[in-house]
Amino acid sequence: MPDTAADMTGSSSRSRIPSAGLLVALLVYVEISSGVVQGSISPMLPVLGRRLGVDPAGLNWVNICQLLSSAVCVPALARLGDMYGHRRLLRVTLVCVAAGAVLVALAPNYPVLLAGRALEGLLAVWLPLEFAIVRDRLPRERVAAAIARLTGGLTLGVSLGTLLAGLVARISPDPRIVPAVPAVLTLVCLPVVWFLVPESVNRARERADVRGAVLLTLGLGALLVGLSQGGRLGWTSPAFAALMAGAVVLLGLWTLTELRCARPMVDLRFTVRRDVLPLYAAAVTVGAALFGTQSALATFTAADPHLGYGFGYATLGVALVTLPVGISQFAGANVYTSAARRVGGPRAIAAGFGLAAVGYLLLTWAHAEVWEVVAANVVAGVGVGAVIAGLPAVLVRAAPKDDTGIAGGIYQVSRNIGGSIAGAVFAAVLAARTTTSGAAPSEGAYRTVWLICGVLLVLGAVVVFRVPRRGAADSAGAVARTEA
């Protein structure tokens, strides 16, 4: 329950906080910076590899480090935000991410680079912390729209990061300049959050569930290491089997611990409610489409046309093709609130799933020209943008006020798990179905990837459409309907 003293203190300080519009704008800047950090790393990998003498297998761990750091840290940090203050944890993680970005930019060797990427992984908790701040500090009717803009800002930032990395690489031959761009943007976030963003009001008053946090961290770590390294270890190898078995055991023990705990880190009884569990399941499917196809789009666009597909684009060309995707996702996130006002939150999300499915299914047969690839991805992007704006808005409104951070944190983890599973599956598909020479994935392999995404998104639409319209899950739609 909210702490009365904290609530009174927060109420008395409302006059000193920025206006609702300015607060959202500040947090959107933070999310755009987060997206730039995430979107700029892939174009930087060849440069970093040459500068530090790292082979492609080693560069793979540059992304894995951030993924693992994000997955294992988000639940614990989000819960600490609920307990000790969301802005406080936002400040702490901002310092860590800024330090990580500087390490990546200046890394003299491979271990320092990995350390920087691990610190950058903490940025995944920013969205859950920001959701809690806007829920506490904004008028009720503006919360859904604010969450939509925050998620849209993140997706737009990812595309901008890719484009900036390509542009800067062409302008300057210095390999340290490209990674310096996200470092500077992150450093600017520090005074923004430190001096202009207010603290949240509500607090979860209980002792930290250390046992639950440790078990969840270890379980997620084993799961994601197994998924990310399955192709290298071998999907039937003893090492992969051991990692999966360890994940099952650890996550099973975590479930038992949480159910027996009087005040658990994650309230599993909330997550399995009929109006909540389908939304977390839907987050897995949209994570698969959102994260699992990023590499496929880039490699398809960059493929040599002599293979029978692709356009032979370099880094900048790939970035220009992917930029409209980020813009369309940002637009879709903002469209969500209007749609939710008319039909309710869950049905607006289901419609977003359906539109995204149409885009990927179009891509399975219309990809011979650049404009076809862009058009199909824009259609999918609008749908995905609506989904990633709507799901957290509904979940945040459904959660108790002192559990807002952890509700958003589990949503982020669900999306990351979906992306990790899809990344492993899609990599296996691309490796298994190759051209006659065996040197590259076949066109049919890419069609299979896009078809899988389309089917997953159709399933997501069905799952969300069946969410009960009455109750907490539809509250985001009710909020949106009151918006002017």
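Let me begin with C73, which is partly exposed, with a relative accessible area of 24% (partly exposed lies between buried, under 20%, and exposed, over 50%, for a 1.4 Å probe and protein chains only). This is a predicted model, in which local features need pLDDT of at least 70 and side-chain atom pairs count only at pLDDT 80 or more, while totals for chains, interfaces and linings use all residues. Residues are numbered from 1 along each chain as its sequence is written, and side-chain values use heavy atoms, with hydrogens and water left out.

Staying with the cysteines, the structure holds 0 disulfides, a disulfide being a pair of cysteine sulfur atoms within 2.5 Å. C65 is in no disulfide, and the nearest cysteine sulfur, that of C73, lies 12 Å away; C65 itself is buried, at a relative accessible area of 17%. C73 is likewise in no disulfide, with the sulfur of C96 the nearest, at 9.1 Å.

Next, which residues of helix α13 are buried? In this helix, residues 294-302, they are A296, L297, F300 and T301 (helices are DSSP runs of H or I, at least four residues, numbered from the N terminus). These four cover an arc of only 125° around the axis, which puts them on the same side of α13, where the arc is taken from the directions from the helix axis to the C-beta atoms. The partners against which the buried residues of α13 pack are α14 (315-343), α16 (370-398) and α18 (443-465), with contact meaning heavy atoms within 4.5 Å.

Finally, the second largest pocket has a volume of about 430 Å³, and among its 18 lining residues W254, L268, I410, S414 and I417 are the closest to its centre. Helices α9 (210-233), α10 (238-260), α11, α12 (277-292) and α17 each contribute at least two residues to this lining.

Definitions and conventions:
1 Å grid on protein atoms, 1.4 Å probe; cavity = no way out; pocket = protein on both sides within 12 Å on 5 of 7 lines; lining within 4 Å. Points joined across faces, edges and corners; volume = space filled by probe spheres on them.
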